[in-house]
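Me: Hi! Please walk me through this one, starting with how its pieces are named.

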Amino acid sequence: MVIADYLLAAMVAMLTGLDRVALVQVMISRPLVAAPLTGLVLGNPLLGLEVGMLLELLWLGRLPVGAAIPPDDTQVAVGATVLAFSMGEMLGLVGMPMVILAVLVAIPLGKFGQIFDRLARNVNDRLAVAGLKALGSGNTNGLERRHLMGLISFAVSSLATACVIVLIGSVVLFYTAPQLIGAVRDTGLSLQYSLIIVGAASLLGTINVNRSISLFCAAFSGTLLVLWMR
C-alpha cells in the first residue's frame, strides 16, 4: 500500500465523516457504504464489503442524533478496511480471517471517535459564539467563514479517528495477527455468524417497536421454515 492509497483513504474518511452529522447526510457514512467506498479507492471493493457487512448491524440503532455521541462506526469501517488491506499485504495474510481480525481490532478503537467528536463540537460552540458576535457587528462574511470552519472541525475529527485506528491497529495486528490467524481460520464461519448475531441482538435491544421480541421470533421461525422447504 503506497502513500497515495493512504491519502485516498483519508479523503474517504473525511467525506464519510462529514456525512454523519455535518453535511448532506445521504447515508454514505453507514459502514455498509463507507467500507466498500474505502475498498474501492484501494482497488479491492469486495474486501470493503466484507468489512461493512460485519459492522453494519452493530451500531445501526445508535445514531449521532442531538447530544448523543456513539462510537464512530464510520471510521471503524474505514479504518478496518485499510487495516485488512495494508496489513494483509504486509504480512501476506489475506481472506476473511484477516478481515475478521482487522474488524475486531478496530471496533474498540472506535471509542476514540467519541473523544474527537466531542472536541469538534466544543470548537464549534466557540465558533457559534464568534459568529454571533460577527453578525452583531454586521460582519456577515465573518459569520459565513465561521460556519464553514465548523465543517472543517468535523472533517479533522473524522480524519484523526481514522488515523488513530489505522496507526494503533497496525501495531496490534503486526504483532498478533500471525499468531491468531490460525485460530480464526479454525473457527470457520462460526465467528462470522457470531458477529452477525451479536449485531442483530444489539439492534433488537435498541428498536422501539411493540412486541419486537415476538416479531423477531416470527421472522426467525419463518426463515427456518423457508430453508426447510427448499
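Reply: Happy to! Helices (H or I, at least four residues) and strands (E, at least two) are DSSP runs, numbered from the N terminus. This is a predicted model, in which local features need pLDDT of at least 70 and side-chain atom pairs count only at pLDDT 80 or more, while totals for chains, interfaces and linings use all residues. Residues are numbered from 1 along each chain as its sequence is written, and side-chain values use heavy atoms, with hydrogens and water left out.

Me: Good. How many helices and strands are there in the protein?

Reply: The protein has nine helices and zero strands. Following the sequence, the pattern is α-α-α-α-α-α-α-α-α.

Me: And what percentage of the residues count as buried?

Reply: Of the 230 residues, 42% count as buried (under 20% relative accessible area; exposed is over 50% and partly exposed in between, with a 1.4 Å probe and protein chains only). As for contacts (heavy atoms within 4.5 Å), 76% of those between residues at least 6 apart in sequence join residues at least 24 apart.

Me: Which of the residues of α5 are buried?

Reply: The list runs Met96, Pro97, Met98, Val99, Ile100, Leu101, Ala102, Val103, Val105, Ala106 and Leu109. With 11 of its 14 residues buried, α5 is therefore largely enclosed by the rest of the structure.

Me: What about pockets, then: which residues line the largest one?

Reply: Its lining is made of Ala22, Asn124, Leu127, Ala128, Gly131, Leu143, Arg146, His147, Gly150, Leu151 and Phe154. On a 1 Å grid over the protein atoms alone, a pocket is an open set of points with protein on both sides within 12 Å along at least five of seven lines, whereas a cavity is a set where a 1.4 Å probe fits but cannot get out; lining residues have an atom within 4 Å of a point. The largest pocket holds about 200 Å³ of space, where a volume is the space filled by probe spheres set on grid points joined across faces, edges and corners.

Me: Which helix gives the largest share of that pocket's lining?

Reply: That would be α7, with six residues. Both α6 (111-136) and α7 (140-186) supply at least two residues each. By class, the pocket lining has six nonpolar, four polar and one charged residues (Ala, Val, Leu, Ile, Met, Phe, Trp, Tyr, Cys and Pro are nonpolar, Asp, Glu, Lys and Arg charged, the others, Gly among them, polar).

Me: Let me pick Ala128 from that list. Why does it count as partly exposed?

Reply: Ala128 counts as partly exposed because its relative accessibility is 43%. Ala128 is part of helix α6. Its C-alpha atom is 8.4 Å from that of Leu143, which is 15 residues away along the chain.

Me: How many cavities of 30 Å³ or more turn up?

Reply: The count is one cavity of 30 Å³ or more. The largest cavity has a volume of about 60 Å³.

Me: Which residues line the largest cavity?

Reply: Gly17, Arg20, Val21, Asp72, Gly113, Asp117, Phe154, Ser157 and Ser158 do. At least two of the lining residues come from each of α1, α6 and α7. The cavity lining divides into two nonpolar, four polar and three charged residues. Phe154 is on this list and also lines the largest pocket.

Me: Switching to Ser170: buried or exposed?

Reply: Buried, with a relative accessible area of 18%. Ser170 belongs to helix α7. Setting aside neighbours within four places in sequence, Ser170 contacts Leu83, Met87 and Ile165.

Me: One last thing: what is the phi of Met27?

Reply: Met27 has a positive phi of about 75 degrees, although it is not a glycine. For background, most residues other than glycine have a negative phi. Met27 sits in the loop between α1 and α2 (31-41). At 47% relative accessibility, Met27 is partly exposed.
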